[in-house]
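Student: Please show the structure, and then let us go through it by question and answer.

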Amino acid sequence: MPVPWFLLSLALGRSPIVLSLERLVGPQDATHCSPGLSCHLWDSDILCLPGDIVPAPGPVLAPTHLQTELVLRCRKETYCDLCVRVAVHLAVHGHWEEPEDEEKFGGAADPGVEEPRNASLQAQVVLSFQAYPTTRCVLLEVQVPAALVQFGQSVGSVVYDCFEAALGSEVRIWSYTQPRYEKELNLTQQLPDCRGLEVRNSIPSCWALPWLNVSADGDNVHLVLNVSEEQHFGLSLYWNQVQGPPKPRWHKNLTGPQIITLNHTDLVPCLCIQVWPLEPDSVRTNICPFREDPHAHQNLWRAARLRLLTLQSWLLDAPCSLPAEAALCWQAPGGDPCQPLVPPLSWENVTVDKVLEFPLLKGHPNLCVQVNSWEKLQLQECLWADSLGPLKDDVLLLETRGPQDNRSLCALEPSGCTSLPSKASTRAARLGEYLLQDLQSGQCLQLWDDDLGALWACSMDKYIHKRWALLWLACLLFAAALSLILLLKKDHAKAAARGRAALLLYSADDSGFERLVGALASALCQLPLRVAVDLWSRREMSAQGLVAWFHAQRRQTLQEGGVVVLLFSPGAVALCSEWLQDGVSAPGAHGPHDSFRASLSCVLPDFLQGQAPGRYVGACFDRLLHPDSVPALFRTVPVFSLPSQLPDFLGALQQPRAPRPRRLQERAEQVSRALEPALDSYFHPPGTPAPGRGVGPGAGDGT
C-alpha cells in the first residue's frame, strides 16, 4: 500500500483560490456604462497612436482608474475562451476660465458665455490591450449630462466586453482620451492558468489537465496523473533554473491515465512537471511540487559535487540553484575538523555551475573546500587529494605582515595557531626552531601570498623518522632506564593534569598595579594552577598581536577546562563602561600592553549570551575597588575581594577538584603572605606608615 510522500493532492499545484467565471455568449464586443451616462463602441478597432498631451480647453472627462474582471466568451457550452473585461472610471478635470472683461472691470459677464457651463461633456476614450502576440485598440464614446458635471468629481464608469487572452499570459492595458489631455493610465496583470479557474471542461487547452498525486513505495516515488482515457498529452520533467534555461530531464507523449515512477533520490526542489494537450498552440501548464519539501533539499546537497578544473579554478555542480559560500580549509591527518583559513582568506559567494578561483600558488592534498549554506556546513571535499595523493603530515605556517615590514609566524594546529617561536607544549612549538630553519632555507612549499601575508606547508616526515629512530635505539639499549624515565614523566603529567589553567586579564592602570598583578600571578603559580598573564608573554604578544594572543590563550584555557580571571580596577571598570555605553576612551585609561581592553571584544559576547558562569570569575583588591563598583553585566559571575575572600577565590579557581577546607585555608594564607609586600608597596609607598594587615572579612574596606 503506497504511503504519502508528503501532503500533496492537487491539480498540478497549490491553488488557494479557484475562480468561477461569468459566461458571455457570442463573439461580439459590447460596452455599457453607469446610470446617467451614454456610451457607444466604434464598430472596428483603431490605430494605437496616443499622440502628444495638449492643454484642455476647459472641463474634460479623464480616465482615473482601470479595473479588470475575467469572464468566459463561449461559442458552445464546452468551447470557451478566456476574456478580460475592462472598466474605465471617469472624472471631470479642469475648470472654466473667467472672462477677461469680468476680471478687469468686475462687471457681469455676457449671459451668452454661461451656456457652455450648463452643457454636457463628451469624450472619446481609447482602450489599448497588449497580450503577446495580440495588440488591439478600441474607441469608446462617452457623454455626461450637465447635471453630473462636478469639477474634480467622479461621474461613473464605462465597461468594455472584452479582450480575449491566453491562459497564463501577461496582459498590459492602457487608457487615454483622444485628444490626450493627461498621461495615460496603465495596468499590467498576470492571468491565471488552468489550475486557478473552474474551466477544465470549458476551455479546450485545459482538457488535458491531470489530477496529480505523489506517493512513495520503498525507494520509488509514483507520480499518479489521472487523465481521462484516450486523452493524448505531452509530459516533461525538467530542472527549473533561476538563471539560464531549464535543464530537461525526461519527455514523453502519453495517453491518460498514467503512473510515472521515479527514484526518491531524483526529487530535488527545482524538479518541475510540464503538461499540455497534443494540439496546435496548446497552453503548457507547469508545477514544481517539491520546492518546499525538506527531503528534496537533502537530496540536492547529496547530489552536489565540487569539481577541480585547474590548479586555481573549480566549480559547484548541482541540479538546482542554491545559496552558498565557500572557503579553503586545512585538513590535518588524524580525523580532526578541517580548519577554515579565514582569515587570511575570505568566504566567497558560490553560484552553481559558475567557475570560481582561489588565489593559490601551489596545490596541496591537505587543502580542502568547505561549502556553507545558511551558516551550516553542507559540503567539504579535498579537491587536490585526487591528483597529489593522500593527506600529508605537514604543518601549515601562517605569515602575517603588518606595517613597517613587521612579520609574525604561527603554526596552524587543532588547538589554534601557535606562535613561532613558542614555549607551548604543542608539537609545532617543540619543533618551531626546525620549522623556521626549513622556511628560511626554502624547504617549505609556498601555497599563497599577498600583501597581508602568506601560507607555507612544511614537511614533518624527516623529524618524525628521526624521532622514531632515536626512540627505537633507546628502547634497545636502555630499556630499564627508559621505563624509569617514562614512569617519572607519567607522574609528572598526572601532577600537571591536576593543575587547572587560569588566564589572568587586567587593566594596566600604572606600573605599581602591574607589580601587584605580577605578585598575585606568581603566588597563584605556587598552587596547582597554570597561570597565563601578558606580563610574562610580551615577546609573544609583540609578534602575534594583542587580540590574536588573547584569542589563542582564551580558547586554549577554556578548551582545557580552565578559568578566565577578570581582575577589576578603576581603569578596568572605566574600560568596561566605555564598551557597554559605546563611549570615547578616557585618556590614560589603557597602556600599550593592556590585553584587558583588547580582550573585551571577545569577553563581552560570552557574558551577553549567558555563557560566562563556570568559565569566568572576577576579583578586585579590598582597598582599591568595591565589588559593587563592577558593572552589573560582569557580576553574573562571582566577584571576590582580595585578600579578604582569598579562600573562596582559590576554591573557585581550583574547581571542580577543590581541596579540603583546611588545605584551602593553608593555601589562602600562603598566597596572602606572598601578596603582603606588594600590597604594602602599592597602598603605602616608602615614607608612609603602614596599617595593620590580616586575612579575613575585615582586612579591607570597599570604596
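Tutor: A residue is called buried under 20% relative accessible area, exposed over 50%, and partly exposed in between (1.4 Å probe, protein chains only). The model is predicted: local features need pLDDT of at least 70 and side-chain atom pairs pLDDT 80 or more, while totals for chains, interfaces and linings use all residues. Residues are numbered from 1 along each chain as its sequence is written, and side-chain values use heavy atoms, leaving out hydrogens and water.

Student: How many helices and strands does the protein chain have?

Tutor: Both are DSSP runs numbered from the N terminus: helices are H or I with at least four residues, strands are E with at least two. On that basis the protein chain has 14 helices and 36 strands.

Student: What share of the residues of the protein chain counts as buried?

Tutor: The chain exposes about 37,600 Å², with 53% supplied by carbon and sulfur atoms; such areas come from the Shrake-Rupley method with a 1.4 Å probe, and for residues only the protein chains shown count as cover. Among the 703 residues, the buried share is 44%.

Student: Is Tyr-682 buried, partly exposed or exposed?

Tutor: Tyr-682 pairs with Phe-513 edge-to-face, at 6.2 Å centre to centre and 65 degrees between the planes; rings of Phe, Tyr and Trp (its six-membered ring) pair if their centres lie within 6.5 Å, as stacked under 30 degrees, edge-to-face over 60 and tilted for the rest. Phe-513 lies in helix H8 (residues 511-525) and Tyr-682 in helix H14 (residues 661-683), so their pair ties together parts 169 residues apart in sequence. Phe-513 counts as buried because its relative accessibility is 0%. At 23% relative accessibility, Tyr-682 is partly exposed.

Student: Which residues are linked into a cluster by ring pairs?

Tutor: The pair rule gives a count of 10 aromatic pairs. Ring pairs link into a cluster Phe-513, Phe-621, Tyr-682 and Phe-683.

Student: How many residues apart in sequence are the parts that Phe-129 and Phe-163 tie together?

Tutor: The two rings have their centres 4.5 Å apart and their planes at 5 degrees, so Phe-129 and Phe-163 are stacked. Both residues are buried. Because Phe-129 is in strand E7 (residues 121-131) and Phe-163 in strand E9 (residues 154-164), the parts tied together are apart in sequence by 34 residues.

Student: Which residue is joined to Asp-161 by a cis peptide bond?

Tutor: Most peptide bonds are trans. With omega at about -10 degrees, Asp-161 is joined by a cis bond to a residue that is found in strand E9: Cys-162.

Student: What is the phi of Trp-374?

Tutor: Most residues other than glycine have a negative phi. Trp-374 sits in the loop between strand E25 (367-373) and strand E26 (376-381), and is exposed because its relative accessible area is 73%. Its phi is positive, near 50 degrees.

Student: Which residue does Arg-249 lie over?

Tutor: A charge sits over a ring if NZ of Lys or CZ of Arg is within 6 Å of the ring centre and within 35 degrees of the ring normal. At 4.0 Å from the ring centre, Arg-249 lies over the face of Trp-239.

Student: Which residues does Ser-641 touch, not counting those up to four places away in sequence?

Tutor: Ser-641 is in strand E36 (residues 639-642), and counts as buried because its relative accessible area is 9%. Contact means heavy atoms within 4.5 Å. The residues touched are Cys-620, Phe-621, Asp-622, Pro-627 and Leu-646.

Student: Which residues of H13 are buried?

Tutor: Helix H13 (residues 646-653) is mostly covered, with 6 of its 8 residues buried. These are Leu-646, Phe-649, Leu-650, Gly-651, Ala-652 and Leu-653.

Student: How far apart are the C-alpha atoms of Tyr-463 and Tyr-434?

Tutor: Tyr-463 lies in helix H6 and is buried because its relative accessibility is 12%. Leaving out residues up to four places away in sequence, Tyr-463 touches Leu-431, Tyr-434 and Asp-438. Tyr-463 and Tyr-434 are 29 residues apart along the chain, and their C-alpha atoms are separated by 8.9 Å.
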